[in-house]
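Dear colleague,

Please find below the structure I promised to hand over. My notes on what was found in it follow directly after.

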Amino acid sequence: MAGRDEHGIKTGYYNFQVKLKVSEEGDLKHLPPTIQIGAIRGIIFYSGQPKMCRKCEQEGHVAADCKQEKCKNCGELGHLTRNCREKIMCHLCGEKTHSFRSCPLSYEKCKNCGELGHLTRNCREKIMCHLCGEKTHSFRSCPLSYRKGGTGDQESTTF
């Protein structure tokens, strides 16, 4: 559920109800302090959460006091992402053949062809005008566009 302030305006925070699992020893299995999918990063807070560092994900200290370096690509301690020697890893599907931005499972939808799995800049289809549907030009150069002196209405414009 989206969080809202006292005026009903969305704050960007989301609330979820989560049931923590119990280990074989009877201890609660706590959630990691952060989640990341591509460039989208979320911080997790909940009642009873142990003090856990969001940088190295170790218990007992917080990120401000952390002395560890953890790579966000391979997940290993001891180096930062910019120094990682592993192939770039997709944070959505885990494959090492592409990044999140070009993941075929990505929620991104191509604004050119309307297909899921690739971005507009990677589209192999001819550029399509979103105003008139022609594949001979883009919206910016469409004769129906207000920018080109058109009315924006297919019915009233002649070529």
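**Findings**

Tyr14, Phe16 and Val18 together form a nonpolar surface patch of about 380 Å². Please note that the model is predicted.

As to the overall fold, the protein chain contains six strands and zero helices, giving the pattern β-β-β-β-β-β along the sequence. Of the 159 residues in the chain, 20% are buried. The chain exposes about 12600 Å², and carbon and sulfur atoms supply 50% of that area. Among contacts between residues at least 6 apart in sequence, 6% join residues at least 24 apart.

An unreviewed UniProt entry places the feature "domain: CCHC-type" at residues 53–68, 70–86 and 109–125. In the model, residues 53–68 are 0% helix and 0% strand, with the end C-alpha atoms 10 Å apart. Residues 70–86 are likewise 0% helix and 0% strand, and their end C-alpha atoms lie 13 Å apart.

Cys53 may be of interest to you. This residue is located in the segment after β6 (40–43). Is Cys53 buried or exposed? Cys53 counts as buried because its relative accessible area is 0%, where the cut-off for buried is under 20%. Setting aside neighbours within four places in sequence, Cys53 is in contact with Pro33, Gln58, His61, Val62, Ala63 and Cys66. Thr34 is 19 residues from Cys53 in sequence, and the two C-alpha atoms are 9.3 Å apart in space.

With kind regards

How values were computed:
Residues numbered from 1 in each chain as written. Predicted model: local features only at pLDDT ≥ 70, side-chain atom pairs only at ≥ 80, totals over all residues. Heavy atoms only, no water. UniProt positions renumbered as here; feature names shortened; annotations may be inferred. Helix = DSSP H or I, 4+ residues; strand = E, 2+ residues; numbered from the N terminus. Patch = residues over 30% accessible without salt bridge, like charges linked within 9 Å, V, L, I, M, F, W, Y side chains within 5 Å. Areas by Shrake-Rupley, 256 points an atom, 1.4 Å probe, with all protein chains shown as cover. Salt bridge = Lys/Arg side-chain N within 4 Å of Asp/Glu carboxyl O. Buried < 20%, exposed > 50% of the residue type's maximum accessible area, 1.4 Å probe, protein only. Contact = heavy atoms within 4.5 Å.
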